Every structure is written in structure tokens, then in C-alpha cells.
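Dear colleague,

I am handing over the structure we spoke about, and my notes on it follow below. Please open it alongside this message and read the two together.

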Amino acid sequence: MKKITKEVYLQWYEDMMFWRKFEDKLAQVYIQQKVRGFLHLYNGQEAVLAGSLHAMDLTKDRMITAYRNHVQPIGMGVDPKRVMAELYGKVTGTSQGMGGSMHIFSKEHRFHGGHGIVGGQIPLGAGMAFGDKYAGRDNVTLCYMGDGAVRQGAFHEALNLAMLWQLPVVFICENNGYAMGTSVERTSYSTEIWKLGLGYEMPCGPVDGMDPVTVAQEVSKAVDRARSGGGPTFLEMKTYRYRGHSMSDAQHYRTKDEVKEYQKIDPITQVLDIIKENNYASEEDIKAIDKKVKELVLECEKFADESDYPPVQQLYDMVYEQEDFPFVEHK
């Protein structure tokens, strides 16, 4: 695994703080109705992304996930201003305002989207890995899902084929305890989700998803295995989300005390504690990072606010056009 140095810890702190504040701003503008539809926030789960990115080769590896997908493309290198613009439905967004919150996408940065269909991204992740293996590329695909998605048949079909064909894919379940508002205990006889991999003799295991170091270590092993031809891995990241399933979630299924208990092991706090314990940065340095993060979030908001909505003409440019079947005349 790549070394976790002072610079890595400082970058983790800056990145995770930015992701958190970026989504806090999204929650704010959602209430102002600048962002419409559903909005699923990642607050609390940042260590999973930070650790995963450390294990990846961002020049060639791919990532695909579900609809809690705003900060992942930013981590992969997408301009955060374009991500926020997409959430606003503006033409400067990653999909020219046509995708919105649940469908961020960047071919350039190998982020293959958020997917609104529960579990829909899992066979797609296996398919991308198949394509890389078929073409002889040594890319690895990281495919993320929530704990509710493992109840889908497509999950089991994808794991079976991934093992059968020894695909270079890492399946990662971000188990934040609740599938929408339903706890794992109410939907599964076995609450150790990682054990589902045992049925396919797939390397699998649980991971502390609140600690980016542990995540980086375990994902690195899985990525190395996949890249060297050793096939897929299934990891269960035991993590937690502080906000509801979406902005419309009243969260009646859990107590405020439960949330506070998990906030005691907040991934950002854990990283900051290590920075302070090892004197990696002074208080002034940390304040400077916080200031930089705040300014960048405001830049993203300003960019999205000032961008234009797509022209009506764009509707015609975004649909399939077949010359011998002009169902809708192109204007």
C-alpha cells in the first residue's frame, strides 16, 4: 500500500472537510428550493471514499455507485463547481443539468455515475470490469452499494459471474445501518453482510468504515488482488450517516443519542486528532485549511447560482434520433 504520510493526513482532512461542507451547503440550498427532487447526503461516510481513493490508481481505475454520489466524483477529480451546477439543474453541470442529484457522471474521470435504481449499478460494475479484462487492460473497478441493495437478485448474479470469470472488481457495501428507514436487523437474518461473499467463495470481510486508514489498507489489498488477476473481493464498510436517507426523511427510526454516539468517532475528527498528536500542522495551518474549504464551497455556490438553465432545444439533443424513424422531428 502507498504510505500514509503527513501529507496524506493533511489532504484527507482538507478533502473530507470540503466534502462535508459542500453537502452542508447543498442541504441549505435544498431548503431554498435551488436544488429540487431527492437529495441523499454522505455526511459521516467520508472515510470510505478517502481511504478508497488512496488505494486506487486514479489514472485508470473506475468507480460506480448508487445515488449518494455527490462527493465521489469530486474525489475522482471532477470540478466541484460543475457538480454543484448539476445539482442545480444548470447547463454548466456534469451532464448539462439533465442528470441532477442522483446521476452525476464523468467519463473523463472514470466516474460512471450515481444510479437511482437500487442495486442497478452492481451488474454494471461487474460489466465494466469484464470489459477491462476482455480488452487486456489492468484497470480495476470499485463498485459501491448500500446495505439495502444486497437484497437484490442482481447483487448475487453479479458476484457469481465475477467469481466465475475472475473479474477485476471490488464490491463495497457501505453499511450505514439503514436501508432508507429500515435497519439491517429487520431485513436480514444475518447482520454480517460481508458473509454473503462466502457463498461464492469470494474473498470478503468487514472493515471499519469510519477510519480512512483501515479502509485504505483493506481496499489496497483488494485492488492489488484484482489487478494481479486474483479476481474480485467483497468488503462490508461498517459506517454511519448523520443525516436521513434523503432530505425528506424525518428519521423517526432512530434517536438523536444514537447519532451522537457515532459522531464521537467521526472520520474527520479522527484524522484531525492524528494531525494534532503528531504536530503535522499548527492551529493556524488548520484554520487556513478551514478557510480555504469555506471559500471553495462559496465559489461552487456562486458558480451554480450564476449559471444558466439548459435551453429547451437541449431536450431534442438528449434523445436518440433515428433517421429512418423520425418519431420526433429534430429542430
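**Two helix pairs**

In helix 4, the residues Pro80, Lys81, Arg82, Met84, Ala85 and Tyr88 meet Glu299, Cys300, Glu301, Phe303, Ala304 and Asp305 of helix 11. Sorted by class, this contact of helix 4 with helix 11 has 7 nonpolar and 5 charged residues, with no polar ones. Please keep in mind that this is a predicted model.

As for the geometry of this pair, helix 4 covers residues 80-88 and helix 11 covers residues 283-306, and their axes come within 8 Å and cross at roughly 45°. An angle from 35 to 65 degrees falls between roughly parallel and roughly perpendicular, and helix 4 and helix 11 are therefore oblique to each other. Their crossing is right-handed.

The other pair is formed by helix 1, residues 6-31, and helix 2, residues 46-55, which pack at an angle of about 135° with their axes 10 Å apart. Helix 1 and helix 2 are therefore also described as oblique to each other, and the crossing of helix 1 and helix 2 is right-handed. Helix 1 brings Val8, Trp12, Met16, Trp19 and Arg20 to the contact, while helix 2 brings Glu46, Ala47, Leu49, Ala50, Gly51, Leu53 and His54. By class, the contact of helix 1 with helix 2 has 8 nonpolar, 2 polar and 2 charged residues.

Finally, an unreviewed UniProt entry places the feature "domain: Dehydrogenase E1 component" at residues 15-311. In the model, that span is 44% helix and 10% strand, and its end C-alpha atoms lie 34 Å apart.

Technical notes:
Residues numbered from 1 in each chain as written. Predicted model: local features only at pLDDT ≥ 70, side-chain atom pairs only at ≥ 80, totals over all residues. Heavy atoms only, no water. Axes fitted to C-alpha atoms, helices over the stretch in contact; angles between N-to-C directions. Helix = DSSP H or I, 4+ residues; strand = E, 2+ residues; numbered from the N terminus. Parallel < 35°, antiparallel > 145°, perpendicular 65-115°, else oblique. Left-handed = near helix turned anticlockwise from the far one by under 90°. Contact = heavy atoms within 4.5 Å. Nonpolar A, V, L, I, M, F, W, Y, C, P; charged D, E, K, R; others polar. UniProt positions renumbered as here; feature names shortened; annotations may be inferred.
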